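This report describes one protein chain for a reader who has not seen it before. The sequence and the model come first, and the description follows.

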Amino acid sequence: MIISPQTTPPRLAPRAIGPVNWVGLAALVRKEVRRFLTVWVQTVGAPVVTTLLFLAVFTLALGRALQVINGVPFTQFLAPGLIMMSMIQNSFANSSSSIVSSKMQGNIVDVVMAPLSPLEMTIGYGMGGMVRGLMVGAMVATAMSLFVPIHIVHPFHALFFAAMGSLMLSLLGVVGGIWADKHEQNAAVTNFIITPLAFLSGTFYSIERLPGVWNTAARLDPFFYMIDGFRYAFTGHADAPIAVGYAIMLAGNLGLGGLAWFMFRSGYRLRA
């Protein structure tokens, strides 16, 4: 009987990771996108129905009283605000609920212990929420176009404010998700911060109609600039300088991105 010598299996060389772990970053973004697409009826379909109901209610309630705003038919004025509102709400919900759920289930460690830098985790979660926001916005706009004439006058402005607005709320969701230890705390951020700021930002009306101090207060709302800039792309009219909107969008994303990066880097409320 001939016994063959035992062969040593070849050693696998460790994977070299460069300055950016592109494979890990893509995997995190893909995980976040698959997460909401798995239940697309709830995460994409439901916001479309809700936004169409807003359009119907406000059109029936105010359509006759406010036929034209700033030279634009009321329904065409209202549509961009509703589209942006649906995008920002869903962008926030995606990243915040993902992180809170992972913390409650105890599997956040799978992301924290992965070979991903704090910046890569920030970008991954932020991109996942932004994709959901843009997808919801595209679906809402398509559905609205069946009832309201929608014309994009400035495509670049529409893309910029849609992407930056969705990213801003997604990064805010990352910060809120890391801070919150349970879904009730996360819901409090939505109910007491996101929803009031969205409703009081000129989504349903022009802030030019607001008197004195209320007009000033509205201009302090960062949501106003993303909605006003997005509406400008459709109507050609803005209540504030577009350059100011660009600056606030960029500053807001940098600030929230930096805060999320710091929270990941320090392990704030992520380490047991």
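## A buried methionine

Met-226 is found in helix α9. Helices (H or I, at least four residues) and strands (E, at least two) are DSSP runs, numbered from the N terminus. The model is predicted: local features need pLDDT of at least 70, side-chain atom pairs count only at pLDDT 80 or more, and totals for chains, interfaces and linings use all residues. Residues are numbered from 1 along each chain as its sequence is written, and side-chain values use heavy atoms, with hydrogens and water left out.

Is Met-226 buried or exposed? Met-226 counts as buried because its relative accessibility is 0%; buried means under 20% relative accessible area, exposed over 50%, and partly exposed in between, with a 1.4 Å probe and protein chains only. Leaving aside residues up to four places away in sequence, Met-226 touches Met-84, Ile-88, Phe-161, Gly-165, Met-168, Leu-169 and Met-249, where contact means heavy atoms within 4.5 Å. Gly-81 is 145 residues from Met-226 along the chain, and their C-alpha atoms are separated by 9.3 Å.

## The chain as a whole

The protein chain has 10 helices and 2 strands. Along the sequence their pattern is α-α-β-β-α-α-α-α-α-α-α-α. The C-alpha trace spans about 100 × 40 × 35 Å along its principal axes.

The protein chain has 272 residues, and 46% of them count as buried. Among contacts with a separation of 6 or more, 82% are between residues 24 or more positions apart.

## The largest pocket

Rolling a probe the size of a water molecule over the atoms shows where empty space is left. The search uses a 1 Å grid over the protein atoms alone: a cavity is a set of points where a 1.4 Å probe fits but cannot get out, and a pocket is an open set with protein on both sides within 12 Å along at least five of seven lines; lining residues have an atom within 4 Å of a point. Grid points are joined across faces, edges and corners, and a volume is the space filled by probe spheres set on the points.

The largest pocket has a volume of about 390 Å³. Its lining holds 19 residues, and Pro-47, Gln-89, Asn-90, Ala-93 and Arg-132 lie nearest its centre. Two or more lining residues come from each of α1 (22-37), α2 (40-62), α3 (74-105) and α7 (183-199). By type, the lining of the largest pocket has 8 nonpolar, 9 polar and 2 charged residues. Here Ala, Val, Leu, Ile, Met, Phe, Trp, Tyr, Cys and Pro count as nonpolar, Asp, Glu, Lys and Arg as charged, and the others, Gly among them, as polar.

## The second largest pocket

The second largest pocket has a volume of about 210 Å³. Of its 13 lining residues, Gly-137, Ala-138, Ala-141, Phe-230 and Phe-234 lie nearest the centre. The elements that give two or more residues to this lining are α3, α5 (118-144), α6 (155-179) and α9 (222-235), and α5 supplies the largest share, 4 residues. The lining divides into 12 nonpolar residues, 1 polar and no charged.

Ala-138 is in helix α5 and counts as partly exposed because its relative accessibility is 41%. Ala-138 and Ile-83 are 55 residues apart in sequence, and 8.3 Å apart from C-alpha to C-alpha.

## Aromatic rings

Rings of Phe, Tyr and Trp (its six-membered ring) pair if their centres lie within 6.5 Å; planes under 30 degrees apart count as stacked, over 60 as edge-to-face and the rest as tilted. By this rule there are 11 aromatic pairs. One of them, Phe-224 with Tyr-225, is edge-to-face, at 4.8 Å centre to centre and 70° between the planes. Phe-224 and Tyr-225 are both buried. Elsewhere, ring pairs link Phe-54, Phe-58, Phe-199 and Phe-204 into a cluster.

## Two arginines outside the helices

Arg-209 is found in the loop between α7 and α8 (212-219). Its relative accessibility is 52%, so Arg-209 counts as exposed.

Arg-269 lies in the segment after α10 (242-266). Its phi is near 55°, a positive value in a residue other than glycine. Arg-269 counts as partly exposed because its relative accessibility is 34%.
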